[in-house]
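Have the sequence and the 3D view ready.

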Amino acid sequence: MEQHWLTVCALILALGAVVHFDTVFVAAAGGNLTAKPGVCPRRNWGVGMCAEFCSNDSDCPNDEKCCSNGCGHACIEPYKVKRGRCPLPQGTPMCAEYCYHDGQCPGEQKCCKTTCGHACTEPC
């Protein structure tokens, strides 16, 4: 049994070295590993396609980001994040989802937590 765990640990270390080497090799070869602006959308319930269509943002066209789909990774249009911070929730309980990300809010408003949901709010 102990032999089995030693083998598993050796395989994990080898995989980590390969992944590290691949990242260093791509960067040294002039690959762009810089993350693109924006935030990956929240995953929907369930599992996405179990395939790796990308490994980092530079694998994706235009403004798309390499995001988890629940099982693999795919290029997805990111949410836009606006400047500023959300204020602390106050007032009467508001249990509704009026927005899911800043890009759905007008002007400079951000999608902020309420006492029981999210709504477009002026940043502080």
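In which sense do strand 1 and strand 2 pair, and over how many bridges? Strand 1 (residues 65-68) and strand 2 (residues 73-76) pair in the antiparallel sense, over 4 bridges. Strands here are DSSP runs (E, at least two residues), numbered from the N terminus, and two of them pair if DSSP finds at least two bridges between them.

A quick note on the model: it's predicted, so local features need pLDDT of at least 70 and side-chain atom pairs count only at pLDDT 80 or more, while totals for chains, interfaces and linings use all residues. Residues are numbered from 1 along each chain as its sequence is written, and side-chain values use heavy atoms, leaving out hydrogens and water.

Back to the strands: they form a hairpin with 4 residues between them, and G70 in the turn has a positive phi of about 105 degrees. C66 sits opposite C75 in strand 2.

Now for the disulfides, meaning pairs of cysteine sulfur atoms within 2.5 Å. The count comes to 8, and here are some of them:

| Pair | S to S | Torsion about S-S |
|---|---|---|
| C95 and C116 | 2.3 Å | 110 degrees, right-handed |
| C99 and C111 | 2.1 Å | about 95 degrees, right-handed |
| C105 and C120 | 2.2 Å | -85 degrees, left-handed |

C105 lies in the loop between strand 2 and strand 3 and C120 in strand 4, so this pair ties together parts 15 residues apart in sequence. C124, by contrast, is in no disulfide: the nearest cysteine sulfur, that of C86, is 7.5 Å away.
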